[in-house]
Amino acid sequence: MLIDQSSDQGSPVGESALKILTLHREVLVDQVKNTQCILDNLLSSGFVCNEDVEIIQRCTTKTDQVRKILELVQSKGEEASAYFIHILHEAYDAFIDLRPWFKDIDYKPSEFVQQLPVVNTDPISKYCEKLRHDLGRDTRFITSYSQREETRLEELYTDTQMEILNESNESQGYLENLDDLIGEKGVFNQDAETIFVTGDAGVGKSIMLQKLQNLWSKRELDTRAKFFFKFRCRMFSTFKETDEISLKDLIFKHNCYPDMDPDNEVFSYILRFPETVIFTFDGYDEIHSDFDLSNLPEVVSPEERTHPLLVLMNLLCGKLLKGSLKVLTARTGTEVQNRVVRKRVILKGFSPNHLQRYTALHFPDREHLALVTVQLDASPHLGGLCSIPLFCWIIFKSFKHLQSVYSDIDLPGSCVTLTSVFLLLSEVFLSRSSPPGLLKRSTRCTADTFRAGGQVLTAYTHLALLGMVENRFVFQQEDVTSCGLEEDDLQIGYIRPVSQYDGCGSAATFEFLHITLQSFLAAFALVLDKDSDPSEILKFFAQCEYRKRSGFPCASCLGRSQPRDKDPFQTNAHLQFLNLFLCGLLSKPNRSLLEQLVPPLLLKKKQSLLKTYLSNSVKLHLRSLPRYKSEFEGTKVHAMSTFVWMVRCIFETNSEDVARLAAKGISGDYLKMAFCNIFSADCSAINFVLHHYSKSIGVDMDNNNISDYGVKQLRPSFSKMTVVRLCVNQITDCSIEVLAEELIRYKVVKTLGLYKNQITDAGAKLIGQIIEECPRIHTLKLGLNKITSIGGQYLASGIKKSKSIFDVGMWGNAIGDKGAEAFAEAMKNHTSLTNLSLSANEITSEGGRYIAEALKNNSSLHIFWLIGNKISDEAASDLSEAIKMNRALTHIMLIDNQFSVHGAKVLAEGMSHNTTLKEINLKGNLVSEEEEKHFKAEPRLRFH
């Protein structure tokens with residue numbers, strides 16, 4: 001380690017630079033690739049002369065040149081050696097591979113060496129620095145709805161939930177930060193190079209990439225990547241069928257060109273070291289092209305020109321610049337084959353804690369923060385909407401703006417819909433075009449604002465509809481002008497100028513602030529249209545075919561599927577939102593506002609047409625859902641994600657008649673909505689339909705994104721739920737308070753599934769009360785929560801008192817021996833408990849002995865899982881005695897415990913006195929393959 005030098009003598013003390021170079025010579029020879037930068041600085045600081053430089057440059061290889069430099073600086077003494085190390089440290093991008101080495105040696109430059117200048121003369125490093133500068137400039141601010149208003153990214157950015165999925169789309173937990181996103185955590189295909197990030201509209205995909213880019217620009221991202229190139233996928237839809245481009249053009253033309261690089265060193269370096277490159281491609285689902293590119297030859301040369309879509313495809317597939325890392329985002333439902341995906345991540349918006357942090361950033365004033373927090377807590381549906389970052393941003397920004405204009409403004413009420421959120425944003429946009437007053441106004445009239453801005457609003461809706469009809473998200477200046485928009489109109493915020501699509505720095509193209517806003521305005525255009533036939537409002541419903549497509553026709557290597565039958569609730573991204581907003585705009589609560597903009601008779605006709613169409617579509621959709629009979633749960637109705645879109649549309653219409661029709665159409669005993677991408681805000685829509693269901697029903701909502709806000713919204717429906725399955729939904733003890741209150745009140749619940757959530761001992765205490773006080777409950781799934789021995793004792797107490805419970809799953813908690821003792825006490829003489837899992841619960845032989853004693857006094861338990869604990873031979877004799885006495889058990893699963901061959905023999909001896917027991921499984925214990933042969937005579941003792 002280098003330390004400060006003596007001010008008198010100017011020579012280093014402590015571990016010397018000479019010693020560092022000697023000890024780490026091999027690392028330096030291997031890692032240092034750029035010698036010119038070193039020589040330039042040594043020469044300019046007077047440590048070497050021109051003759052020295054010429055001698056070194058005669059060496060034919062870089063490694064030989066590095067060896068020569070090391071010999072030279074060491075021969076010139078401590079100061080030259082210290083300065084050599086300092087050059088490597090200060091010329092960051094030129095020697096980025098040495099970052100870990102500097103960390104390992106805990107490098108601290110001396111005062112002496114810090115006074116010597118270091119100039120990075122490496123062309124690659126200069127380009128890296130230019131990239132960092134440009135990317136930092138482009139990502140410094142968050143896009144706002146006012147072009148005159150800027151918010152720094154670092155002042156408002158808040159992480160969202162980033163769930164990792166495996167190749168089978170099963171949850172593998174959550175990423176902690178953006179370093180993890182590009183790191184090894186969650187990688188299931190080491191040969192692939194594309195990190196595929198999906199999520200619903202507004203969930204934060206684009207701003208996540210912006211933060212990633214900003215961190216790299218500030219050297220705060222844990223990566224050795226020297227180059228970072230960002231792209232918006234919608235730009236690929238702006239190319240013509242005859243356009244051609246090379247990889248080199250794509251990289252430089254749409255990011256930035258190297259300065260003073262006549263020898264093409266930068267691109268040559270990128271080709272030689274592709275692992276130093278990160279690409280981000282945002283919005284893969286926004287690529288729309290009807291070009292037939294299947295006849296074009298495959299291009300794998302970085303210099304060869306072909307259609308831009310083929311360049312993109314070959315990049316993502318690894319056929320171009322193999323070894324580079326790609327981060328690709330798309331909306332939920334977009335498919336890409338696993339063979340090109342390195343890692344799958346799904347963004348799930350804000351958790352309650354994230355929302356709390358985001359709210360505090362938005363409202364630094366304590367009084368405002370307290371007001372907003374109270375209103376969010378009082379309205380679970382509003383809190384659910386705010387779990388989606390885009391919607392939260394709209395609500396908060398609109399609230400702040402209106403609060404600055406009017407004297408008495410609250411957040412939207414409990415009946416807020418997505419349509420009302422975007423109407424609120426439009427009110428803000430249109431009110432900004434009015435001249436500001438010096439004093440706050442006492443009254444707010446939304447209708448007046450829309451009337452005054454009607455002409456501008458109509459122009460924007462025409463532009464949005466034009467884009468939807470032509471499948472476009474980028475608009476030229478002539479498009480904007482043809483719709484009647486003037487220069488001043490562009491300042492209010494609906495659209496923003498973009499220049500990256502033509503790569504020429506021109507600001508002649510525009511896009512809407514968000515694609516969901518474009519969908520809203522397109523729906524508004526259909527409502528405002530006075531010239532077309534009223535039935536035109538339905539034209540986009542027919543276009544919502546099920547198209548899980550790769551994004552463009554030629555991308556067979558990325559995966560696509562054929563369209564299925566038409567269904568107005570099938571997901572087609574932006575068109576689906578258009579239809580949803582149409583339902584909201586034509587709803588009864590918005591009638592008084594719309595009557596100010598549309599002739600009342602025409603508006604009524606459009607409302608009637610939509611209601612009729614929606615009613616017929618609901619009937620057809622519900623009839624098409626898969627149904628099957630279950631012996632214990634009656635008729636099961638398997639809802640798809642399209643069912644969720646249906647209830648969203650119904651909720652937006654606020655039509656009790658259509659909701660009642662939907663409830664009647666379910667006509668089953670069990671509604672399965674697992675893996676339907678349900679967000680917390682959707683629970684109000686689901687409740688809006690279910691509260692019309694006339695009889696009890698089981699509801700499975702496993703593996704969604706409901707959270708505590710969603711559970712609170714479902715409160716009215718728990719009165720009729722016989723099955724409540726909320727596994728893998730990030731719910732906490734807060735939700736258990738709601739469940740305990742409602743389930744105990746109505747006492748109809750039979751199955752309670754809460755696996756893999758965030759429930760602690762406090763929640764376990766309440767669940768114990770549910771078990772005790774609900775006389776019909778027979779199944780409890782509570783694995784993979786945060787329950788310790790304290791919670792285990794509460795649960796065991798409830799189980800002991802229950803006369804109906806027969807299946808309990810506690811896998812993956814931490815109840816330990818104290819919890820095992822409590823469960824053992826509950827098992828004694830229990831009359832109904834047949835299946836019990838205490839697997840992976842940190843139970844040792846002490847707990848095993850408690851369990852053994854209980855089994856002697858139990859005649860109900862058939863299957864007992866104790867997998868993944870720490871039970872050893874010390875409990876073997878107790879278990880053996882229990883096996884001799886128990887005549888109910890059929891399976892004991894002791895996989896991955898600590899039994900040796902001695903313990904296995906003791907268990908086998910007990911089995912010889914029991915004819916009921918079918919299996920004891922000791923797979924993964926301390927018994928060798930050779931020792932397993934001793935038990936051939938007892939096939940019920942299994943090791944595999």
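Let me start with Thr635, which is buried, with a relative accessible area of 14%. The cut-off for buried is under 20%, so Thr635 falls on the buried side. Keep in mind that this is a predicted model. Thr635 sits in strand β14, residues 634–638. Leaving out residues up to four places away in sequence, Thr635 touches Arg627, Tyr628, Lys629, Gly668, Asp669 and Tyr670.

Next, the sheet. Strands of a sheet pair through backbone hydrogen bonds, either parallel or antiparallel. Here we have an open sheet of seven strands with mixed pairing. Reading across, the order is β4-β3-β9-β5-β8-β7-β6. Which strands are at the edges? They are β4, residues 171–174, and β6, residues 227–232, and each of them pairs on one side only. From one strand to the next, the twist averages 20°.

Look at one pair inside that order. Strand β5, residues 194–199, and strand β9, residues 341–347, run parallel and are joined by five bridges.

Now to the nonpolar interior. In soluble globular proteins, nonpolar side chains tend to be buried together. The largest nonpolar core in this model has 257 residues, and within it Phe227 and Tyr494 touch the most other members. Helix α24, residues 515–528, supplies the largest share of this core, with 10 residues. What does Phe227 touch, not counting residues up to four places away in sequence? The list is Ile124, Tyr127, Cys128, Leu131, Trp216, Val266, Tyr269, Ile270, Thr276, Val277 and Ile278.

Last, a helix pair. Two packed helices are described by the angle between their axes and the distance between the axes. Helix α4, residues 50–57, packs with helix α5, residues 62–75, at an angle of about 145°, and their axes are 9 Å apart. On the α4 side the contact involves Asp52, Ile56 and Gln57, which meet Gln65, Lys68, Ile69 and Leu72 in α5. How does that contact divide by class? There are three nonpolar, two polar and two charged residues.

Key
Residues are numbered from 1 along each chain as its sequence is written. This is a predicted model: local features need pLDDT of at least 70, side-chain atom pairs count only at pLDDT 80 or more; totals for chains, interfaces and linings use all residues. Side-chain values use heavy atoms; hydrogens and water are left out. Two strands pair if DSSP finds at least two bridges between them. Helices (H or I, at least four residues) and strands (E, at least two) are DSSP runs, numbered from the N terminus. Axes are lines fitted to C-alpha atoms, for helices over the stretch in contact, and angles run from 0 to 180 degrees between N-to-C directions. Buried means under 20% relative accessible area, exposed over 50%, partly exposed in between (1.4 Å probe, protein chains only). Contact means heavy atoms within 4.5 Å. Ala, Val, Leu, Ile, Met, Phe, Trp, Tyr, Cys and Pro count as nonpolar, Asp, Glu, Lys and Arg as charged, and the others, Gly among them, as polar. A nonpolar core is a set of buried Ala, Val, Leu, Ile, Met, Phe, Trp, Tyr and Cys residues joined through side-chain atoms within 4.5 Å.
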